[in-house]
Structure formats: structure tokens, C-alpha cells
Amino acid sequence: MELLTPDPGLLFWMVIVFGIVFFLLAKYGFPVIIKMVDDRKAYIDDSLKTAREANAQLANVRIESEKILAQAREEQARILKSATETRDRIIKDAQDRARLEGDRLMEEMKKQIETEKESAIRDIRRQVAVLSVGISEKVLRRKLEDDKEQKELTDRLLNEIIGTSK
């Protein structure tokens, strides 16, 4: 049992050594350990603070990116609206130009038809004059003494000419 009960001298020296070690640790070791723990705690607190700030900045960045996306969508809608208006204006201008060109061509065609009509009328009048001269010549060859017969022949020939020219 002597192993379980310490000797009073040994116990005394153990307490003295323990006291010296405790004093040295309290004087030099514990402040360093406490300082290291406090530094570690401060580092962790700073890291947590930085992480919170980063999360706040990330939230701000998300909000800002959503704003930018909303602005981009609005800009896209505005550009599409402008493009649509431009397209419609270009189409309308092209239609107006085509309509004006068609009207101009129609006017030219009407003028050309009118010119050809006048030319045809002049040609018909010239032919009527030639035929009239021919009729007069035939009438003169025939009996010049009989007026009644001469008038009937002239009327009949004129009716034939007018009937064929219609």
C-alpha cells in the first residue's frame, strides 16, 4: 500500500514543484496562451464580420444586378419598339413611294393613250378627207347633170364610210 500513499516529503516537493510550474505558467505561459486565444477569437470575429459584409455586398450586388437586368430589359423593349416603328415607317414610306410611282405610271399611260387616241382621230380624219375626195371624184365622173342622183350617191357613200369606221 505504500505505492498508493505518497511519502510526506515527496508530497511536499511535488506541491512546491507544482506551485513553481503553476507560477511560471501563470506568469509566462497563460498570458501567451490567452493572448493567442484572444487573437484567434479576434481573427474569427473579424472573419465573421468580413463574411457578413461580403454577404451584404453580395446581396447588394444581386439587387444591383437585378436593377441592371430590369434596365436592360426596358432598354431592349424600347429598342424593339423603336425598331418596329422604324420598320413600319419604312414599309409605309415604300408603300407611299410605290403608290406614287403607280399613279405616275398611270398618268403617263393615260397621256400616252390620249396621244394615241388623238393620233388615231387625226388619221381617221385624214382618211375621211381622202375618201371624201375619192367620193367627190366618183360623183363627178358619174352623171353631173342629175342632182338628185348625185346627192343620193353621196349620202350612200358617206353612210358606208361612217358605218365602216365605227
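**Entry 1**

I looked up Phe 22 and placed it in helix H1; helices (H or I, at least four residues) and strands (E, at least two) are DSSP runs, numbered from the N terminus. The model is predicted, so to speak of local features I need pLDDT of at least 70, side-chain atom pairs count only at pLDDT 80 or more, and totals for chains, interfaces and linings use all residues. Residues are numbered from 1 along each chain as its sequence is written, and side-chain values use heavy atoms, with hydrogens and water left out.

I then checked the ring of Phe 22 against that of Phe 30 and found an aromatic pair, edge-to-face, at 6.0 Å centre to centre with 70° between the planes. The criterion was as follows: rings of Phe, Tyr and Trp (its six-membered ring) pair if their centres lie within 6.5 Å; planes under 30 degrees apart count as stacked, over 60 as edge-to-face and the rest as tilted. Phe 30 is partly exposed, because its relative accessible area is 33%.

**Entry 2: Aromatic pairs**

How many aromatic pairs does the structure hold? I noted three. One of them joins Phe 18 and Phe 22, which counts as stacked because the ring centres are 6.2 Å apart and the planes stand at 20°. Both residues belong to helix H1 (residues 8–141), where they are four residues apart, about one turn of the helix. Phe 18 counts as exposed because its relative accessibility is 58%. Phe 18, Phe 22 and Phe 30 together form one aromatic cluster.

I also checked Phe 18 against Pro 6: the two are twelve residues apart in sequence, and their C-alpha atoms are 15 Å apart in space.

**Entry 3: Nonpolar patch**

I asked which residues make the nonpolar surface patch of about 830 Å². The contributors are Val 17, Phe 18, Val 21, Phe 22, Leu 25, Phe 30, Ile 33, Ile 34 and Val 37. Patches are made of residues with over 30% relative accessible area and no salt bridge; like charges are joined within 9 Å, nonpolar side chains (Val, Leu, Ile, Met, Phe, Trp, Tyr) within 5 Å. Accessible areas come from the Shrake-Rupley method with a 1.4 Å probe, and for residues only the protein chains shown count as cover.

**Entry 4: Salt bridges**

My search of the whole structure gave nine salt bridges, each defined as a side-chain nitrogen of Lys or Arg within 4 Å of a carboxyl oxygen of Asp or Glu.

I found the side chains of Lys 35 and Asp 39 joined in a salt bridge, with 3.2 Å from N to O. They are about one helical turn from each other because they lie four residues apart in helix H1. Lys 35 is exposed at a relative accessible area of 52%, whereas Asp 39 is partly exposed at 42%.

Lys 41 and Asp 45 form another salt bridge, their closest N and O atoms being 3.7 Å apart. This pair also lies in helix H1, four residues apart, about one turn of the helix. Lys 41 counts as exposed at 52% relative accessibility, and Asp 45 as partly exposed at 37%.

For Asp 123 and Arg 126, I noted a salt bridge whose closest N and O atoms are 2.3 Å apart. The two are three residues apart in helix H1 and so separated by about one helical turn. Asp 123 is partly exposed, with a relative accessible area of 28%.

I also recorded a network of salt bridges that links Lys 92, Asp 96 and Arg 99.

**Entry 5: The chain as a whole**

I counted two helices and zero strands in the protein chain. The chain is more spread out than a compact globule, because its radius of gyration is 63 Å, well over the 15 Å that the globule rule gives for 166 residues. That radius is taken over C-alpha atoms, and the globule rule is 2.2 Å times the number of residues to the power 0.38. The C-alpha trace spans about 195 × 30 × 15 Å along its principal axes.

What share of the 166 residues is buried? I noted 4%. The accessible surface of the protein chain is about 15,100 Å², with 63% of it belonging to carbon and sulfur atoms.

Methods:
Buried < 20%, exposed > 50% of the residue type's maximum accessible area, 1.4 Å probe, protein only.
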